[in-house]
Amino acid sequence: MAGEKNRIITIANQKGGVGKTTTAINLATALAAIGESVLIVDLDPQGNASTGLGIDRRDRKFSSYDLLIGTHGIGDIVLETAVPNLSIVPSTMDLLGIEMEIAQESDRVFRLKRALATAEALAYSYVLVDCPPSFNLLTMNAMAAAHSVLVPLQCEFFALEGLSQLLETVDQVRRSVNPLLDIQGIVLTMFDSRNNLAQQVVSDVRTHLGDKVYHTLIPRNVRVSEAPSYGKPAILYDLKCAGSQAYLQLASEVIQRERLRKAA
């Protein structure tokens, strides 16, 4: 896209527990590790992306709530993380009340888009938006602002059913508020190679969605699960573990897709 300064990727799945925030944190860290300037916008009231990057709740003077109600801009809110080249707009529980506050406003789904059109946001090469595990006004804001959606999908029995709902949501957003929204890719998470069902899910998803599915499989990994309790991405906590290596591979796939898109 001519004049495009950054890429805004929304990480979304209306189902909880699929590795969405883990993917946001570790993909952002991997992108930063290879020299990209990355911003995470934490739009989940639970604030797990903020906590997982070691941002103490006492340090969250302003948050994505302030960004959406328009009282403060990116420059006032953004916090540096322990990862070089990676910053975050943290989340607070205030976000729980955002729908009540802006539901009647005509621009209610475009608040994030407007906030990310500023010079401070355009200074980052990638902006990753971590959504809540539901389809609400926060997720709508994320999709209205994004160039593309990255979907973490757990390797489990109902995976395809949940995915079809999410793809319908993306189509709905495309028709109503963001005609340029694309699927960046679908990443299969919590993969256990010893589990026949997991193998079958991978096969089914690839059959249905072809090259929309990343080659990288994110394995079920104890070290990745432990890392957030230490306020670190897995890549900082244990670079050599299988989960960290998988997220590094995923980052290279994301960048490769972006290069192909620009060349098209």
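Biologist: Which residues is Asn 13 in contact with, leaving aside its neighbours within four places in sequence?
Modeller: In this predicted model, Asn 13 is in contact with Val 18, Lys 20, Pro 132, Pro 133, Ser 134, Val 151, Pro 152, Leu 153 and Leu 166.

Biologist: Where does Asn 13 lie?
Modeller: Asn 13 belongs to the loop between β1 and α1.

Biologist: Is Asn 13 buried or exposed?
Modeller: Asn 13 has a relative accessible area of 5%. Buried means under 20%, so Asn 13 counts as buried.

Biologist: What does the side chain of Asn 13 reach?
Modeller: The side chain of Asn 13 reaches the backbone nitrogen of Lys 15 at 2.9 Å.

Biologist: How many bridges join β7 to β8?
Modeller: Strand β7 (residues 182–191) is joined to β8 by 3 bridges, and the two run parallel. Ile 186 stands opposite Val 213 in β8.

Biologist: Now salt bridges. How many does a search of the whole structure find?
Modeller: The search finds 12 salt bridges. Side chains of opposite charge can pair when their charged atoms come close. One of the bridges joins Arg 111 and Asp 107, at 3.0 Å from N to O. Arg 111 counts as buried, at 9% relative accessibility.

Biologist: What about Arg 223 and Glu 226: how far apart are the closest N and O atoms?
Modeller: The closest N and O atoms of this salt bridge are 3.1 Å apart. Both residues are in helix α11 (residues 222–226), and because they are 3 residues apart, about one helical turn separates them. Arg 223 is partly exposed at 32% relative accessibility, and Glu 226 is partly exposed at 27%.

Biologist: Which salt bridge does Arg 223 form with an Asp?
Modeller: Arg 223 forms a salt bridge with Asp 238, with the closest N and O atoms 2.9 Å apart. This pair links distant parts of the chain: Arg 223 is in helix α11, while Asp 238 is in the loop between α12 (234–237) and α13 (242–263), 15 residues apart.

Biologist: Which residues do salt bridges with shared partners join into one network?
Modeller: That network consists of Arg 7, Glu 258 and Arg 261.

Technical notes:
Residues numbered from 1 in each chain as written. Predicted model: local features only at pLDDT ≥ 70, side-chain atom pairs only at ≥ 80, totals over all residues. Heavy atoms only, no water. Pairing = 2+ DSSP bridges. Helix = DSSP H or I, 4+ residues; strand = E, 2+ residues; numbered from the N terminus. Buried < 20%, exposed > 50% of the residue type's maximum accessible area, 1.4 Å probe, protein only. Polar contact = N/O pair within 3.5 Å; in protein donor to acceptor, adjacent residues only side chain to side chain. Contact = heavy atoms within 4.5 Å. Salt bridge = Lys/Arg side-chain N within 4 Å of Asp/Glu carboxyl O.
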